Amino acid sequence: MPMKRWVDFEPNDPRNPINFPRREKWLLTIVACLATVLASTAASAYNLGFESMIRDLNCTQFQATIGLSVYPLGFAVVPMFTASLSEEVGRRPLYLWTALGYELAFVMIALAPNIQTVIVGRFLQGAFASTGATMVGGTIADVWPVAERGLPMSIFALAATFSLGLGPIIGGWIEMNPSLGWKWINWVQMTWSGAFIPAAYFVLKETRSTIVLEKIVKQMRKKTRDQRYRARVEKPELLKLMWISCTRPTRLVLTEPVVTSFSLWIGFLWGVLFCLLESISGVFKTLHNFNVGQTGTVFVTMCIGPLLGFATNLYQEKLYKKYFPTRNAEARLIASCYAAFLLPIGMFIYAWCSFPKVHWISLCIAITIYMWGTFVVYLCIFSYLADCYGPYASSALAGQSLARNILATVFPLFTQQMYQKLTYKWANTLFGFLALIMVPIPFVLFYYGPKIRMMSKFSRMAVESQK
């Protein structure tokens, strides 16, 4: 049997994605983050078209709301399979094919003859859009070393949260035009989403190092006609990989205290966020007589909050570098300890300013504060889990993403009923008290995180693997 000739990257090999020129890394990062922008914009722009959709499709408010809910359901389920698939076929094919599917989903929704077709289209759209939410983090990890990953990951998180406010701003003014309405909210989004496909084709080259190495080896075999060349990579079977990616995240959420607590916290915050997406229209129309265009403009607050969070994270990075020698991974949690208080404060202001006699700007301030805290917590959790779980980080992050998006699916389904029975004041007060109960989570982990992690199987294994 002929001896295999193993091939690996050489030190500082320019073909290795981690050694790409810095300019190329930033171009890859920006275009990949555009996929995140598109995914978040579609998540929130949809509900601004409820009024014309209910009229045209003769459906109920609840049926239209299901379309809002099933979008994050696609985010929750599909990445379990696509994450492992990217290990086998690479990042680039998934970006291109899901971008095409995402584009076609807009056509399906805009031409839908009934609400059932819209709901199916929204689920498929969320499934295709999940690439922009999950694959981008992998792309950033492919090309940026750990020490330089802070700013690119912050930009990724900013793209995810900032764009939740961007979609409704545009959607509100489209809905204002009686000859446009919900169909044109989809047609307009389809237009700019279509522009992403050529950008992805020409810019998003393959960044998964194992796939790049296999392509190099394939070219070597073709050029030399020597079939002994083999890539020095370890890749488990695809079915085994899929089984692990589907079961391990759930296992981590159920058995690891750190992952469980953070999954519940960020899941609650994301669920309330989707409730806000649905409730803002009712609050500002009912209490302050805003038209749909003006209501859409209110979502500027969902853009301002993440920008404040982004600025906060720049300071958090300085704190991390200062306290890492003494606090290790827990230094990632300093900003979240302060942000934990912003969340109930934002909700209580939103609750107790829900009166016609109170100026509407107070509600805008409340939403901004809530989004500020949500961004900081989201990014701190993302960074902390990545640091703590090492080789199991992708599973830990997938677990919290699963919990986060499932709760985002469930919460909007009871939003209208809850506000009708409890009123805006008391329903949001309830959210505020729940957020207040969760304030101790980052403090407990900041002070006792190392002990808690050493009691957990996967985190203990991650620490041992890093020694």
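**Before you start**

This is a predicted model, in which local features need pLDDT of at least 70 and side-chain atom pairs count only at pLDDT 80 or more, while totals for chains, interfaces and linings use all residues. Residues are numbered from 1 along each chain as its sequence is written, and side-chain values use heavy atoms, with hydrogens and water left out.

**Stop one: the whole chain**

Show the protein chain as a cartoon. It has 19 helices and two strands. Helices (H or I, at least four residues) and strands (E, at least two) are DSSP runs, numbered from the N terminus. The chain has 467 residues, and 56% of them are buried. Buried means under 20% relative accessible area, exposed means over 50%, and partly exposed lies in between (1.4 Å probe, protein chains only). Now think about contacts, meaning heavy atoms within 4.5 Å. Of the contacts with a separation of 6 or more, 80% join residues 24 or more positions apart.

**Stop two: helix 1 and helix 3**

Select residues 22-45, helix 1, and residues 61-77, helix 3. Two packed helices are described by the angle between their axes and the distance between the axes. Here the angle is about 155° and the axes are 9 Å apart. Axes are lines fitted to C-alpha atoms, for helices over the stretch in contact, and angles run from 0 to 180 degrees between N-to-C directions. The two helices are therefore roughly antiparallel to each other. The cut-offs: under 35 degrees is roughly parallel, over 145 roughly antiparallel, 65 to 115 roughly perpendicular, and the rest oblique.

Show side chains next. A39, A42 and A43 of helix 1 meet L68, Y71 and F75 of helix 3. The residues of this contact are six nonpolar, no polar and no charged. Ala, Val, Leu, Ile, Met, Phe, Trp, Tyr, Cys and Pro count as nonpolar; Asp, Glu, Lys and Arg count as charged; the others, Gly among them, count as polar.

**Stop three: the cavities**

Rolling a probe the size of a water molecule over the atoms shows where empty space is left. On a 1 Å grid over the protein atoms alone, a cavity is a set of points where a 1.4 Å probe fits but cannot get out; a pocket is an open set with protein on both sides within 12 Å along at least five of seven lines; lining residues have an atom within 4 Å of a point. Grid points are joined across faces, edges and corners, and a volume is the space filled by probe spheres set on the points.

The structure holds three cavities of 30 Å³ or more. Select A35, A99, Y102, F128 and F196, the closest to its centre of the 13 lining residues. Helix 1, helix 5 (91-110), helix 6 (115-143) and helix 8 (182-203) each give two or more residues to this lining. By class, the lining has nine nonpolar, four polar and no charged residues.

Now select T98, in helix 5. T98 is buried, with a relative accessible area of 11%. Beyond its neighbours within four places in sequence, T98 is in contact with F128 and T131.

Move to the second largest cavity, with about 50 Å³ of space. Its lining includes A42, Y46, R122 and W182. Helix 8 gives the most to this lining, with four residues. The lining divides into six nonpolar, three polar and one charged.

Of its 14 lining residues, select F50, Q61, S281, G282 and K285, the closest to its centre. Helix 2 (50-57), helix 11 (257-288) and helix 17 (415-437) each give two or more residues. The largest share, five residues, comes from helix 11. The lining divides into six nonpolar, five polar and three charged.

Select E330, in the loop between helix 13 (301-327) and helix 14 (334-352). Is E330 buried or exposed? At 0% relative accessibility, E330 counts as buried. Leaving out residues up to four places away in sequence, E330 touches Y384, L445, F446, G449, P450 and R453.

Finish at C388, in helix 15 (residues 361-389). C388 is buried, with a relative accessible area of 2%. Draw a distance from C388 to R453: their C-alpha atoms are separated by 8.1 Å, though the residues are 65 apart along the chain.
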